[in-house]
Amino acid sequence: MTRIALALALAITWGGAALAQQMPAPNLAPPYGNLSAPAAAPAMPPPLPPRADGVPADLAFGAYQRGNFLYALMEAERRLDSNPKDAAAMTLIGEIYREGAAVARSDQEASRWFRLASNLGDPQAAYELGALLLEGVNGVTKDPAAAKAQFERAAAKNNPGALYNLGVIALQGIDGKTADYKQAAQYFLRAANAGDDDAAYSYGVMLREGKGAPQDIGEAVRWLKRAADDGIVAGQVEYAIMLFNGEGVPKDEAAAAQILLTAADRGNPIAQNRVAHLYAKGEALPRDLAKAAAWNSFAKAGGLKDDELDVATANLTLDERRRFTKMVHELAGF
């Protein structure tokens, strides 16, 4: 089954590098139909195109992807009537309850369905149940050991999110053990090879620092570039800094500055601070104290104070102050 849910967001910091799992939630449209109106069978969604391998299309998941949540729920329930061991249908029902799509949101009910599907061997269900157990939210008892066991069950079938979270658990030692960098690196590498871009970033950082794996700057650049190219903001920052300094990759200050600008636009305080320095010094970007002051203000709002930039932008001209104000308003959206 395609990944259909938010992963558990975990963050760790060591040596200034933050590792965090951030997977997109589904684009939830309003639930199908009016649940307060007299009951009526939902309309059949448009048919899915036939699969090239001849396997019948998954009508329930197809309806879910297109925002027809009530039909997705009813189709999944119909499938369970025909096959009480349809783990994929159980997982989809659990996700519908977890998101509150077409039904009242209930993490307890979601965990019940995920557990049923996990016991039948569905790796996505095991991953989702592990996330709920690790968070311990809305009636689901927090149980890190049980969460880890579910992640391990999903990881055995190469679920990328579960592999990633096991890497974070190994770093944090949340099961009462000290951090195991070697095990974390192995999990991140497996997750990255399974397609997880956050894991590619995390593994790249570990290679660069020589933590959990022998230091390999060239390989670190390769993994960080992949994370950056696939939109991981922290990866964009790390790769841009290495590119700017020519660390493990040919030096290209102009390209690095553009990557940092992208990350700054996406709200990363480190990128905002670095861009402010570039504008203040006129390195790789035209010297512009108004822009330097604006990016510095956003970085400070994100918790990154910089006395050097405060001094450099303390005496703006009237025109620079006007441009500073205009830029802040435009970037902030007000």
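This is a predicted model: local features need pLDDT of at least 70, side-chain atom pairs count only at pLDDT 80 or more; totals for chains, interfaces and linings use all residues.
Helix α4 passes helix α5 in a left-handed crossing.

## The α4 and α5 pair

Helix α4 covers residues 107-119 and helix α5 covers residues 123-135. Their axes come within 8 Å. They cross at roughly 140 degrees. That angle makes α4 oblique to α5, because only angles over 145 degrees count as roughly antiparallel.

Which residues of α4 and α5 meet? From α4 come Asp107, Ala110, Ser111, Phe114, Arg115, Ala117 and Ser118. From α5 come Ala125, Ala126, Glu128, Leu129, Leu132 and Leu133. By type, the residues of this contact divide into eight nonpolar, two polar and three charged.

Ser111 deserves a separate look. Ser111 sits in helix α4. Is Ser111 buried or exposed? Its relative accessible area is 13%, so Ser111 is buried. Leaving aside neighbours within four places in sequence, Ser111 is in contact with Leu129, Leu132 and Val140.

## The α14 and α16 pair

The second pair joins helix α14, residues 289-301, and helix α16, residues 318-332. Their axes come within 8 Å and cross at roughly 40 degrees. The two helices are therefore oblique to each other. The cut-off for roughly parallel is under 35 degrees. The crossing of α14 past α16 is right-handed.

On the α14 side, the contact is made by Leu289, Ala290, Lys291, Ala293, Ala294, Trp295, Ser297 and Phe298. On the α16 side, Glu320, Arg323, Phe324, Met327, Val328, Leu331 and Ala332 take part. The residues of this contact divide into 11 nonpolar, one polar and three charged.

## The core

How many residues does the largest nonpolar core have? It has 97 residues. Those with the most contacts inside it are Ile96, Phe151, Phe188, Val275 and Trp295. Helix α7, residues 160-172, gives the most to this core, with eight residues.

Not counting residues up to four places away in sequence, Trp295 touches Leu261, Ala264, Asp265, Gln272, Val275, Ala276, Tyr279, Met327 and Leu331. Val275, like Trp295, is listed with the residues that have the most contacts inside the core.

Ala162 lies in helix α7. Its relative accessible area is 0%, so Ala162 is buried. What does Ala162 touch, beyond its neighbours within four places in sequence? Its contacts are Tyr127, Phe151, Ala154 and Ala155. Phe151 is again one of the core residues with the most contacts.

## Pairs apart in sequence

Two residue pairs are tabulated here by sequence separation and C-alpha distance.

| Pair | Separation in sequence | C-alpha to C-alpha distance |
|---|---|---|
| Ala162 and Tyr127 | 35 residues | 5.6 Å |
| Ala312 and His277 | 35 residues | 9.2 Å |

Ala312 is placed in helix α15, residues 307-312. At 35% relative accessibility, Ala312 counts as partly exposed.

Where is Asn138 placed? Asn138 is in the loop between α5 and α6, the latter spanning 144-155. Its phi is positive, about 50 degrees, although Asn138 is not a glycine. With a relative accessible area of 55%, Asn138 is exposed.

Ala284 is another residue other than glycine with a positive phi, near 70 degrees. Ala284 is in the loop between α13, residues 269-281, and α14. Its relative accessibility is 34%, so Ala284 counts as partly exposed.

## The whole chain

The protein has 16 helices and two strands. Of its 334 residues, 47% are buried. Among contacts between residues at least 6 apart in sequence, 52% join residues at least 24 apart.

Methods
Residues are numbered from 1 along each chain as its sequence is written. Side-chain values use heavy atoms; hydrogens and water are left out. A nonpolar core is a set of buried Ala, Val, Leu, Ile, Met, Phe, Trp, Tyr and Cys residues joined through side-chain atoms within 4.5 Å. Buried means under 20% relative accessible area, exposed over 50%, partly exposed in between (1.4 Å probe, protein chains only). Helices (H or I, at least four residues) and strands (E, at least two) are DSSP runs, numbered from the N terminus. Contact means heavy atoms within 4.5 Å. Axes are lines fitted to C-alpha atoms, for helices over the stretch in contact, and angles run from 0 to 180 degrees between N-to-C directions. Angles under 35 degrees count as roughly parallel, over 145 as roughly antiparallel, 65 to 115 as roughly perpendicular and the rest as oblique. A crossing is left-handed if the near helix is turned anticlockwise from the far one by less than a right angle, and right-handed if clockwise. Ala, Val, Leu, Ile, Met, Phe, Trp, Tyr, Cys and Pro count as nonpolar, Asp, Glu, Lys and Arg as charged, and the others, Gly among them, as polar.
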